[in-house]
Structure formats: structure tokens, C-alpha cells
Amino acid sequence: MTLSKRIQAALPAFVLSPSLAAIAICVYGFIAYTALLSFTGSKMFAKFDFVGLRQYERLFDNPRWITAVENMAIFGGLYVVVATCLGLYIAVLIDQKIRLEGVFRAIFLYPMALSFVVTGVIWQWLLNPGLGLEHMVRSLGWQSFTFQWLVEPDWAIYTIVIAGVWQVTGFVMALFLAGLRGVDTEILRAARVDGAPVHKVYTRIVIPALRPVFLTAFVIEAHLAIKSYDLVVALTKGGPGVSTELPSTFMYSMTFTRNELGVGAASATVMLTSLAAIIVPYLYSELRDDRRA
Amino acid sequence: MANLGISHVTKSFGSLAVLKDIKISIEDGEFLVLVGPSGCGKSTLLSIIAGLEEHTSGTITIDGRPVDGLEPKERDIAMVFQSYALYPAMTVEQNIGFSLEMSKMPKAERVERVGKVADLLQISHLLKRRPGQLSGGQRQRVAMGRALVREPKIFLFDEPLSNLDAKLRVEMRTEIKRLHQRLGATIVYVTHDQIEAMTMATRIAVMKDGVLQQFGTPENIYDRPANVFVATFMGSPPMNLLPATVVDGASGPRLSLKGTDVTLPLPSSVTARLAPGSDVLLGLRPEWLSLAMEGASANPTLTLHVDVIEPTGPDVFVALRAGEREIMARLPTGTPICPGEKRAFALDLSKAVVFDAATGVAH
């Protein structure tokens, strides 16, 4: 083999190697490192005195972590379900051959262009009793109107759901709209000949045909929900108290401000494994289905 | 099962007329094929019969009852679509039974009806599968099952065979025809394939540019085309059209073929009186030409230059040349003939058709 051919053969590997190395070290390497740290007694700095599952026990004994997990369940569940349903509903409405479709699509899609921090700040203002919605309604004359979810510990987590859903729904709508447009128009004609009313056409034929879109929407929403950190920081900073603490904010404060590196690493590992426990079987079953079909 | 009447139906999108004054009526149990090139309006007409599209004016009757403005489900029709349009998330059984489910038929009866249709189409073993797991031919059968299970008054087929490969297409063609004979159903079938039209139909409607060109039995359409378009669209290879002039002869008018010194007697089919000097086209099907035997035939002969020979198995298509003009002949395989020869061909004028050269309408 000549030199130039050798170079040609090696070139792809050579070009890819920096990014492969970066991914291997910075993503998978640090995942492994974090998992390793979670079995150590690390406090402010990493040290390798293995303590077994001690940090996990401490983690689950911590009421703040329990709050974070409960909040995650509320936030994640509502975020995924509401955004999916609302996105699908808007997509179905836009699919009715409406006028100015492009304008509506853009309006619903724009929130996705904002960063979570901006969304958080906007909704902080809107929901702030002294500045936003409550202030506005009161200044219109309804003096007894109260809307104080943002400052009530039991309700604050729902403000995060509102802001998060507001941001992601347009994107989910775009996904579903693309899926709806992919449905063969002859199928819709066939359903009409078969005598199916419009709602049955959607519930029995069109929406079941969008199964792959549901998977995509779920995967995107689930990972956004689990990694959402900036939204909480900008909107409530985890408060009032720790009432809107999420695993991600818990992990950050343990690791970087409370000098509990081991507990932080344990919480990160729990987040990763629970995410994997949801996604991996789902992906596996979907991909196997594809191959069979 | 029912008759179907289409009277004075027009359809326009704004100023664009896609169907112009269509008049067709068929009896109970007939197999009507709407045939024509792309964009002739045949699929639009089918959609109008189905009730999926509104017509601009005119009346459609099914079983003597006007159905204008009724939804498809109220017309008691079933339709098979070109892309089959099976519901992807449902099993074959659910696909076939969907219309019955929508009409709130009890489950037991539904299962029985679906089972019967599946047996008829030999797809019983596929009932639990989804459309994605079926081959093209199987999907085709499911689509037909979905129509059959409703036992409608009229079946509508929209180019159902165009997505199948050639062999399967011929098989399914026979199968649809067999089903028609067995069920005695009234069928309206759209195709652009003139062979499908000829083989399946009891009545053919040839369309072009939204205008019904001719409506009749396959024999009628083939032997007595109403105009030049029908003559060349139906039949493969198409009918030969030879320009000629009407001249006076000793025993009535004769046709003088242009570019030759041959004159032919007027075909017996022509009833109209043709003025001498008028320009016409003489229409001859390729199979009405044969190699002239020595002195035997009473048919007029024409000497032609043999250009190309195309064997097809049972027949050979021979491209002949008369001056500038190409003439196709269909001869039995084994006819002793070579390219480059000049041979005399006998013309069977008993069925020949004469068209007006200017308007293209048959005399």
C-alpha cells in the first residue's frame, strides 16, 4: 500500500479521534468517575476512601432529597403529559387546513428559541404577586383576586410546570404536526367512506399511527424534565424554602456549595440510572418492533 | 347491488372545468370501467360518486335514489383505494371490521362477517397481522376485504392494481373479475390501463379532458370507436390511421389513400354519405392486416415495405412503411416475413372505421 492510500485510509479515524476522545473522557469518563465517587466518603474534595453504599443511605435519609424526588415526579409527570396532550391538540387544530397556518406555527414554536433562564425570568415576573398577573387583575378592579402559587410552598412546583410546558409545547406541536402531515390522505378518505366521525378518525386511526412521534416526544420531554435546572434556578431558586427543589438543583448544591461531593455523586448516579431504567426498555421495545415490521 | 345513474354531472374548480356534462348509466350487476389518460377526470368522477367530493351540477342516483349532498356512509358504497389506505395501527381483522364497528354492529356478527370475507379472499391466516407486515398483494386483498365486508350497493375501485408488479396485477385482475361474477355486484372501476378496461368491463366509459368520449361495451369501444382519441387510446398497438380522400368510383364512393395510387372501397360500416373530395382517416386495427395469399383473397391489398419485426410470443408486431407513414400489423408467429422486404398485405375492411380528418369523429 502506498503512503497516500494509507493516509487516506487512516484519515477518517484521525479526524474523528479528537471528538471520540473528548466524548470518551468528558462524558463517559466522568460518568464513571462520578459513579466511583458516589462510593467514597468525599466531602469538599474527591478522595478515594471507599465507604460502600454509605452515601446512598445518607442520600435517602435526607428529607430534602425526598422532596426533590417527589417534585421530580410531579413536575416530570405533569410536564410530559400536559405538553404531549396540549402539543397534540394544537397540532390537530392547526391540521384543519386553517388560514395563516405558518403564522400560528411560528407563534407556538417561538418559545423554544428562548433559553430556560429567560423563560424562568419571564414567568417569575408574570407570576410574581406584586408585579404580574395578580397585580394586573387587581389594578383592573378585582381587588380580592389572589394568585400566589409562586410564593406558596405547596403550589410553587406547579409554576415550574406552567413555565416548562409553555416553552416546550410548541416544539411538541411541530413534531406532531409533521406526523399528522405524514398520514396518507387516502386513509382519511377511506375512514370517511367507512363512516367514521372526525373524533374517531383521530382517536382510532391517526393518533395510533403517530406512535413513533409519541416516542420521540416522550424521549425529548423526559430528558428536558430530568435535566431541567436553569428553569428552577431562574424561576424560584428552589424555593420557597426547598419546596421546588429538583434532583438537579439538589445535586448542584450538595456538590458545589454544601461540600458533600459523595452525596452529590450518589444523587447524580441515581438520576442517571432511573432515567436509563425508563428509556432503555422503551427504546429497546420500539427498535425491536421496527425491525420486525 | 344497484344501478347507478350519472346525469349531466359537471365539476369545476373556479373557472377550471374538470368534468363536463357527464352522462353514464349502468344496470344492476354491471362492471363499469372509467378509463382515460392522467388528468382526464376519471378519479374525480369516482370521488363524486363516492361522495368524497361535491359536484358543481347534475345528479347522481344510486338504486334510483338521488344521493347528491349525502355523506359517503349514507350512500351505501364501499371503495378500494390506489394506495390501499389501510389503517396502519390496526390489525387486518380490525381494518376489515372497522366500518361495521362504526355502524355499531354487534361484535359477534362483526366477527362472523369478517371471517366470511377473509375466507373468500383467502386471508384468514393474516387476520392478526398489521398492514406493515403484509406484502403488496396481501394488502390489496385486505383493502378488498374492507370493501366486501360492508355488502354495499356499489363497489368503487380507484386504480387498485397500479401498485402491484405485472404478474400479480394479472392474477388480481382475474380475481376481481371472478368476484364480480360470483357476487353479481355493481362495480365502478377507474384505471388508466386500457387492457384492464377491456378485460374486466361490461361497460367502458372513455374520458379525456373531463369529457366523456364514448360509453359502451368493450366490443363496441374496440370495434366501433367514436373518434380518433378512443381509436388510438384503446388497443395496443393502437389503431392505424391512414389519411385518405373520398373519390367517386363506378359503384359509389371510394377512398384514395394519400401518398399512394391505391383506392379502396368504402367500408360497409360507413353509413353516412361522404362528399367526394372530403379528407378522412381510415382506421385499421393491426390485426385486420394479413399477408396477401396468391390470388385467393377478395380483400383489397396494399404493398408495404417491412421495416421492423417485433415477436411477442403468440403474435409478431410488424412495423410497415407506406411512404412516410408507419402502419402496424399483427400477424401470427411463424409468418414468413423478413425486414427490408416489400410485401402485399390484404386489408380486412369489414370492420374498418372512417373518421373525419378535421374533427376526428367517426362517420
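In which sense, parallel or antiparallel, do β9(B) and strand β10 (residues 211–216) of chain B pair, and over how many bridges? In this predicted model, the two strands pair in the antiparallel sense over 5 bridges.

## The β9–β10 hairpin

Strands β9(B) and β10(B) form a hairpin in which 2 residues lie between them. D209(B), in the turn, has a positive phi of about 50°. Across the pairing, L212(B) in β10(B) is the bridge partner of M207(B).

## Surroundings of β9

Strand β9(B) also pairs with strand β3 (residues 31–35) of chain B, here in the parallel sense and over 4 bridges. Within β9(B), V206(B) stands opposite V35(B).

Strand β9 of chain B covers residues 203–208, and because 5 of its 6 residues are buried, it is largely enclosed by the rest of the structure. A residue counts as buried here when 20 or more other C-beta atoms lie within 10 Å of its own.

## The five-stranded sheet

Elsewhere in the description of chain B, 5 strands form an open sheet in the order β13-β12-β11-β14-β20, with antiparallel pairing. Its edge strands are β13 (263–265) and β20 (353–356) of chain B, each of which pairs on one side only. Neighbouring strands of this sheet are turned by 45° against each other on average, with direction ignored.

Within this sheet, strand β11 (residues 240–249) of chain B runs antiparallel to strand β12 (residues 252–257) of chain B, and 6 bridges join the two. In β12(B), L255(B) is the residue that V246(B) stands opposite.

Key: Residues numbered from 1 in each chain as written. Chains lettered and ligands numbered in written order. Predicted model: local features only at pLDDT ≥ 70, side-chain atom pairs only at ≥ 80, totals over all residues. Buried ≥ 20, exposed ≤ 12 C-beta atoms within 10 Å, placed from the backbone. Pairing = 2+ DSSP bridges. Axes fitted to C-alpha atoms, helices over the stretch in contact; angles between N-to-C directions.
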